[in-house]
Amino acid sequence: MSPPGGLADEEARRRLEQVGPNRLADSARISPLRLFLLQFQNLLIGLLFAAALISLAIGLLPGSDPHTTDALLILIILLANGIFGFIQDYRAQSAVEALRELAAPEATVSRGGRIRKLPAAELVPGDRIQLAQGDRIPADGRLLESTHLETDESALTGESMPVDKSPESVPFATPVAERGNMVFSATSVARGRAEAVVTETGMRTEIGRIARLVQDTEERRTPFQKEIDRLGRRIGIGVVVLIAFIALVLLLVAGAPPLTVLLLAITLAVAAVPEGLPAVVTLTLALGARRLLESRALVRRLPVAEGLGAVDVILSDKTGTLTESRMSVERLVVGGEEIRVEVPRDGDSPRFVGERDDLDRESLGLLIRCGRLAGDVQREPGGEYLGDPTEVALATLADRVGPELEMEVAASARRVREIPFDSARKRMTVVTDDRRPTVWMKGATEVVLDRCDSVVVNGDIVPLDPETRARILADDRRLASKTYRVLGFASRITTAAEIESAEDESLETGLTFLGLQGLIDPVRSDVPDAIDNCRGAGIRVLMATGDNPETARAIADELGLRTESVAHGTELDAMSDSELRDRVEQTDVFARVSPAHKVRILSSLQDAGHRVAMTGDGVNDAPALRAADVGVAMGLRGTDVAREAADLVLLDDDFSAIRDSVAEGRRIFDNIRRFVTFLLSANVGEVLIVFLGVSLGAFLLPDVLRGTPDALILTPAMLLWINLVTDGPPALALGMDPMAPDVMKRPPRSAGESVLNRSTVGMIFWIGAALTLVGLGLYGFELRRGGEPLEARTMLFTFLVTAEMGVLGVIRGRSGLTPLSNRWLVAAVAASLGLHLLLLYSPLSDLFAVRAPTSEQWWWIAGATAVFLVLAWFGGRLFPASRVANQSVRAL
């Protein structure tokens with residue numbers, strides 16, 4: 001219980017210590033150090049760390065020096081990759097924190113017999129709070145008294161219309177959306193005033209329960225994250241098996257010294273592991289995230305940038321996502337004629353479209369003027385209206401069409417009397433005295449008609465006969481069937497004497513009916529086209545809303561969704577999981593759904609093999625946002641809880657940005673597939689060269705089996721140079737490849753399709769085999785014609801660089817891209833070749849144990865490169881990119 005004057009300060013402090021602050025528990029923030037360390041949790045990176053440590057540990061062997069250069073190169077690259085990922089993740093985390101706002105920074109509270117302003121965090125159960133129009137409600141509470149109270153609970157329940165509230169008791173098991181005697185944290189007062197006693201605070205409020213559900217929901221990894229992890233494990237296991245096999249052969253069969261085996265292990269690890277892959281994937285995703293940010297979409301987790309391109313279902317909330325989350329006047333009925341109101345988004349005056357060109361502008365202006373004056377909105381200094389959403393819409397229309405209709409809106413008309421709206425009367429009456437004393441009324445159409453004896457028809461005032469009354473009520477029902485909220489309007493001239501002496505009942509009689517105004521939460525203008533684009537890309541769009549089925553069906557019709565079967569929340573409760581899985585395949589629209597329903601719908605879609613993006617802005621959307629493959633929240637209208645649960649935040653609340661994000665995600669996937677082909681084909685060639693070089697060592701380099709480290713066919717430093725310094729910049733530039741023209745005209749890739757499908761793997765091994773065949777041929781040729789091993793190694797080293805630069809054109813040509821379509825790639829190839837020439841013709845050559853080729857050797861290198869490119873081009877015909885979408889390699 002709470003005394004009339006509120007809790008005593010001492011009692012409030014005691015309760016605060018007992019229940020804690022009135023705030024939602026933050027999801028655990030990852031410290032910068034842990035965020036940085038998370039970048040290194042990868043098997044491939046672990047293998048490279050091991051190779052670096054072995055390079056240094058070699059110095060512990062008798063008579064051996066540590067391979068410091070190899071170790072430092074490996075560690076520098078690993079550090080650079082970690083920094084790439086850390087910077088992007090840290091920026092995303094900081095950006096989301098910047099979006100956070102306190103749900104209710106202050107509250108008006110009765111404490112110790114005084115009314116005072118306190119931080120909302122200090123509220124405790126038992127506090128008496130005062131609520132007025134425009135206030136954010138700071139905690140859950142039970143109404144003690146209220147005056148014409150309406151609250152906006154759209155963020156909590158998804159219901160777009162204000163809800164009437166009163167202190168009257170309701171049954172114990174009443175659903176949250178129907179508890180008319182309760183107010184809830186994070187909602188707002190649309191109209192009226194009230195006093196309430198706080199019942200729950202913090203995580204025990206309704207919004208807190210949803211927040212806890214969000215925190216308890218396991219965060220799903222994107223298909224791309226799973227695939228990269230799987231690829232890393234396969235490469236890592238393959239490297240370990242290969243090293244173990246060759247080591248056993250060298251130790252047991254050839255009797256090689258342990259030092260040789262260790263050096264070969266390091267070399268094979270460096271050759272097989274695509275060192276640049278983590279950095280290139282990270283940077284490509286970061287570049288995609290940056291492009292999305294330019295489109296006003298904030299990526300909170302890098303893999304999501306690609307994950308959007310894989311979704312085949314978008315499950316969207318209605319209010320604030322597909323619609324504008326604001327009421328707007330779209331229909332007027334004056335003198336029996338229905339008029340459509342077209343409101344431009346650029347702020348220009350609305351257009352009125354009726355059956356006739358000669359609209360009765362005077363009657364139209366009178367109807368709109370009545371809507372402006374028979375209301376109770378307040379205008380803030382910035383020009384925004386504060387009040388009931390319906391009255392805000394009426395006032396906004398009047399302000400925008402005043403000059404157009406050459407009427408005086410008279411927002412500042414002196415109000416001399418008011419008979420307020422309540423749910424029993426279903427009407428509101430205002431009397432103004434600016435030029436002539438006038439009574440203005442708005443309310444339920446039937447109620448307003450009962451107070452009228454005349455009506456405006458074609459600019460004339462005529463008696464209201466039964467036939468006209470029936471026609472007006474038919475117009476009301478017709479608009480209501482299209483989910484408009486319909487209000488009737490009336491007015492009459494009065495006198496100063498009547499204003500002062502007349503009873504309310506008398507003042508509200510003998511009015512002239514002016515017409516109807518139909519209001520609706522309008523569909524965002526660009527959403528139907530965006531949905532149509534998604535449909536063309538093979539993506540289903542489903543709508544799940546807390547609104548009633550009639551409203552849901554009407555909005556879905558306007559959006560172009562299937563409305564033959566609209567599922568109700570109570571139907572979902574009665575369905576088993578298997579029945580729901582069947583239903584979601586046939587239904588696009590779900591009405592009267594709760595947060596738990598949305599999670600069930602989402603789970604059913606995912607269990608059926610769909611990859612689902614969930615969009616929403618309210619607290620009620622947060623659990624599904626967290627459970628979705630990709631959760632998309634609204635940045636402007638979205639609640640803190642929704643933004644924290646999401647993977648992607650649309651900063652402008654623009655649904656079309658989802659379409660653009662899907663296209664960008666597909667572009668990222670295409671580019672990743674190309675540079676994975678490029679990097680892995682190079683690694684396959686290098687592994688085969690090292691493997692066959694050791695196997696044939698007795699014929700080509702006998703010193704290898706006698707334990708001479710310098711006699712290795714390719715050193716770890718060389719392989720790192722190829723994989724990172726020369727291959728790295730072009731691989732990064734492949735991430736900037738342009739978007740394919742058909743990117744939104746093809747269906748999403750299947751759930752089982754990976755980056756490495758059959759065609760891609762075939763191309764990788766074909767290129768690797770061609771590199772090996774031509775490279776070892778060039779190496780052996782140089783030895784056979786009397787060249788030194790150092791010169792043969794240099795020619796092989798340089799051939800690998802030039803061949804891999806040339807094969808970029810073959811790989812990109814499979815997708816129909818021209819050589820000059822990516823200027824970044826042209827610059828990267830030039831830079832890589834320049835860096836390699838710098839190495840050959842500078843003191844760096846001694847560090848890498850190479851010698852600058854002679855002019856004759858350059859000709860042999862160029863010829864070998866040409867032969868290789870012919871073979872690679874032929875492979876492109878055997879394994880065309882058109883097969884990329886067909887089949888995936890499940891095990892490599």
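In which helix does L844 lie? L844 lies in helix α31, where helices (H or I, at least four residues) and strands (E, at least two) are DSSP runs numbered from the N terminus. The model is a predicted one, in which local features need pLDDT of at least 70 and side-chain atom pairs count only at pLDDT 80 or more, whereas totals for chains, interfaces and linings use all residues. Residues are numbered from 1 along each chain as its sequence is written, and side-chain values use heavy atoms, with hydrogens and water left out.

**Surface patch and covered helix**

L844 has a relative accessible area of 32% and is therefore partly exposed; in the terms used here, buried means under 20% relative accessible area, exposed over 50%, and partly exposed in between (1.4 Å probe, protein chains only). Together with L835, L838 and L847, L844 forms a nonpolar patch on the surface, and the four residues have about 320 Å² of accessible area together. Such patches are made of residues with over 30% relative accessible area and no salt bridge, like charges being joined within 9 Å and nonpolar side chains (Val, Leu, Ile, Met, Phe, Trp, Tyr) within 5 Å; accessible areas come from the Shrake-Rupley method with a 1.4 Å probe, and for residues only the protein chains shown count as cover. At least two residues of the patch come from each of α30 (823-840) and α31 (844-847).

Helix α26 (residues 716-726) is mostly covered, with 10 of its 11 residues buried. Among these buried residues are M718, W721, N723 and T726.

Most residues other than glycine have a negative phi, and most peptide bonds are trans. R592, although not a glycine, has a positive phi of about 50°; R592 belongs to the loop between β24 (589-591) and α21 (595-607) and counts as partly exposed at 37% relative accessibility. A849, likewise not a glycine, has a positive phi of about 55°, and it is found in the loop between α31 and α32 (855-878), partly exposed at 32% relative accessibility.

**Salt bridges**

Side chains of opposite charge can pair when their charged atoms come close. If a salt bridge is taken as a side-chain nitrogen of Lys or Arg within 4 Å of a carboxyl oxygen of Asp or Glu, the count comes to 41 salt bridges.

| Pair | N to O distance |
|---|---|
| D532 and R535 | 3.7 Å |
| R540 and D588 | 3.1 Å |
| E791 and R851 | 3.5 Å |

D532 and R535 both lie in helix α17 (residues 527-536), 3 residues apart, or about one turn of the helix; D532 is partly exposed at 46% relative accessibility, and R535 is partly exposed at 41%. R540 and D588 form a salt bridge, and because R540 lies in strand β22 (residues 540-544) and D588 in the loop between α20 (577-586) and β24, the pair ties together parts that are 48 residues apart in sequence. D588 counts as buried, at 8% relative accessibility.

The salt bridge between E791 and R851 links distant parts of the chain, with E791 in helix α29 (residues 789-813) and R851 in the loop between α31 and α32, 60 residues apart. E791 counts as buried at 17% relative accessibility, whereas R851 counts as partly exposed at 35%. Salt bridges that share partners also join R331, E338, D475 and R478 into one network.

Rolling a probe the size of a water molecule over the atoms shows where empty space is left. On a 1 Å grid over the protein atoms alone, a cavity is a set of points where a 1.4 Å probe fits but cannot get out, and its lining residues have an atom within 4 Å of a point; grid points are joined across faces, edges and corners, and a volume is the space filled by probe spheres set on the points. By this rule there are 3 cavities of 30 Å³ or more, and the largest cavity has a volume of about 80 Å³.

The largest cavity is lined by 15 residues, of which G335, G336, R471, I472 and F513 lie nearest its centre. Two or more lining residues come from each of β10 (328-334), β18 (452-457), α14 (466-481) and β21 (511-520). The lining of the largest cavity divides into 9 nonpolar, 4 polar and 2 charged residues, where Ala, Val, Leu, Ile, Met, Phe, Trp, Tyr, Cys and Pro count as nonpolar, Asp, Glu, Lys and Arg as charged, and the others, Gly among them, as polar.

Note on methods: 1 Å grid on protein atoms, 1.4 Å probe; cavity = no way out; pocket = protein on both sides within 12 Å on 5 of 7 lines; lining within 4 Å.
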